[in-house]
Amino acid sequence: MRSSPMWADLQEHAKGVTDRKITELFEKPARAAEFSTEFDQLLFDYSKTNIDDTARDMLLKLARERNVAARRDAMFAGDKINETETRAVLHTALRNLDGGPVMVDGEDVMPGVMDTLARMEAFAGDVRSGRFTGQGGAITDVVNIGIGGSDLGPVMACAALSPYADGPRTHFVSNVDGADIADTLRGLNPETTLVIVASKTFTTIETMTNARTAKAWMSERVSDPAAQFAALSTSDEKTAAFGIDPSRVFGFEDWVGGRYSMWGPIGLSIMIAIGADAFRAFLRGAQAMDRHFRSAEFHENMPVLLALVGIWHNQVLGHATRAVLPYDNRLIRLPAYLQQLEMESNGKSVSMHGADLPYDSGPVVWGEPGTNGQHAFYQLIHQGTRVIPCEFLVAAEGHEPDLAHHHELLVANCLAQSEALMRGRTPDEAREKVRGQFEGEELERQARHRVFPGNRPSTTLIYPKLTPEVLGQIVALYEHRVFVEGVILGINSYDQWGVELGKELATALGPIVAGEESAEGKDGSTQMLVEYVLKNRG
Ligand code: F6P
């Protein structure tokens with residue numbers, strides 16, 4: 001990107017606009033209409049940023065110079081754009097419900113995708129209707145054991161779509177901390193529980209440890225525990241070795257990345273919770289966003305614009321973090337989901353070609369639902385020394401018609417926050433606030449604390465209601481945003497070598513922490529911590 005002529009121009013332009021008030025941009029009556037874009041049921045408003053016509057033109061040119069369109073087409077065509085692992089990137093095929101063939105290595109993958117979807121639907125239907133039973137009768141509870149991409153998507157979607165959940169209860173175990181599985185299994189009846197082991201590789205230590213613990217728990221009451229297990233994995237051999245019957249193994253291919261995988265078998269728990277029709281609506285929503293991403297001109301292409309706002313804030317202006325603030329309590333796990341999606345994808349310091357990245361990698365993504373965050377960390381967002389671009393999400397309507405007044409308050413708070421961030425409060429306004437309570441120097445001092453710098457950027461994604469279809473659109477929007485940012489940065493968004501070293505060292509430390517091997521050779525800090533554990537664990 002730095003080699004792009006647009007990069008220097010953007011830097012130069014940014015210098016001139018950072019001190020300009022965003023509110024001044026609204027002197028142009030069409031500001032909101034011109035700096036927002038609609039797709040189907042979504043409206044993305046980026047007018048409360050300091051992006052002006054010139055900045056946007058430059059960003060759009062940057063996207064063109066970086067060949068975003070060609071890379072996008074290559075991704076959808078099944079080219080091996082995950083170049084470090086020589087893999088295609090085709091999670092979009094999993095939601096290509098009524099699209100054409102999708103070729104990988106000269107073969108159409110769609111018959112396989114549709115066949116697996118049909119098998120999932122049959123199995124989910126059997127579980128939901130009670131045709132598939134545990135030893136004690138119809139399944140009442142489903143426990144999904146997985147981590148990272150084999151957990152965060154289903155957890156997020158099940159919470160988001162809880163108004164549509166009419167199947168067995170779903171539970172999720174991810175952490176290797178025994179507390180997670182112990183707390184989850186406590187109170188469940190093994191005779192009516194289905195355990196889904198979700199692991200693309202079927203080697204992840206956390207998942208396999210939890211899966212074995214769940215099997216042991218079930219075997220205390222169930223004569224054939226494996227019969228109440230299903231597996232979601234790319235490895236038939238390993239699922240068979242675990243004892244899971246192939247009829248309950250739902251496979252996928254290496255062209256589905258873990259953090260992009262909930263559209264296929266990894267979404268089985270979602271499908272069991274909400275049913276096949278609602279799951280298909282979720283896929284349809286994502287497919288509609290795929291079509292938009294592939295066909296819309298960049299100046300009205302929502303994923304492209306969302307990405308360009310991200311590049312503007314992070315790489316051009318240097319704001320290192322991005323707060324995701326859903327004013328939608330059921331999106332409580334969206335920030336965690338996006339942390340993996342964005343940070344595992346674009347947290348890289350080496351370009352696709354192996355060179356050092358000459359600019360910052362993707363931002364730190366974090367957040368919590370509103371209004372809770374307002375009573376926790378918003379203080380820093382409003383008055384801290386750093387600028388934190390905020391991304392608000394809110395629905396026009398909630399799922400609780402008899403609690404519409406709650407929803408009105410929720411929306412009012414969301415809009416108030418973006419307005420407050422932009423407008424701030426001037427010293428004069430602050431003085432007015434405290435006049436009458438204080439005088440002279442004390443008035444000045446007190447007023448100073450009540451000044452808000454304002455001019456803090458935010459975007460708002462607004463949608464009618466959090467339905468399965470809308471959720472599909474939102475998630476696909478973020479997936480493509482990550483893709484576009486990755487292409488502009490010139491990195492591979494689809495590998496994750498940065499998680500390897502910790503895994504290797506944990507494997508080596510296992511026997512040391514178990515007291516079977518000496519910590520000799522480890523650094524002094526590690527030795528001291530191991531010693532403490534060995535001494536203090538009773
Ligand atoms: O943390 C690394 C990672 O490979 C993620 O990318 C992935 O989502 C997660 O581990 C789980 O992997 P698996 O599905 O193979 O168990």
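A search of the whole structure turns up five cavities of 30 Å³ or more. This is a predicted model, in which local features need pLDDT of at least 70, side-chain atom pairs count only at pLDDT 80 or more, and totals for chains, interfaces and linings use all residues. Residues are numbered from 1 along each chain as its sequence is written, and side-chain values use heavy atoms, with hydrogens and water left out.

Q: What makes a space a cavity, and what volume does the largest cavity have?
A: On a 1 Å grid over the protein atoms alone, a cavity is a set of points where a 1.4 Å probe fits but cannot get out, while a pocket is an open set with protein on both sides within 12 Å along at least five of seven lines. The largest cavity has a volume of about 90 Å³, where volume is the space filled by probe spheres set on the points.

Q: Which residues that line the largest cavity are closest to its centre?
A: Lining residues have an atom within 4 Å of a point. Of the 15 that qualify here, Gly310, His313, Arg322, Pro389 and Glu391 are the closest to the centre. Helix α13 (302-316) gives the largest share of this lining, four residues.

Q: What makes up the lining of the second largest cavity, by class?
A: Seven residues are nonpolar, two polar and one charged. Ala, Val, Leu, Ile, Met, Phe, Trp, Tyr, Cys and Pro count as nonpolar, Asp, Glu, Lys and Arg as charged, and the others, Gly among them, as polar. Among the lining residues are Phe44, Leu306 and Glu391, and the volume of this cavity is about 50 Å³.

Q: Where does the ligand sit?
A: The ligand sits in the largest pocket, so more than half of its atoms lie within 2 Å of the grid points of that pocket.

Q: How many residues are around the ligand, and which come nearest?
A: There are 15, and Gly149, Ser150, Ser199, Thr201 and Thr204 come nearest. A residue is near a molecule if one of its heavy atoms lies within 4 Å of it.

Note on methods
Helices (H or I, at least four residues) and strands (E, at least two) are DSSP runs, numbered from the N terminus.
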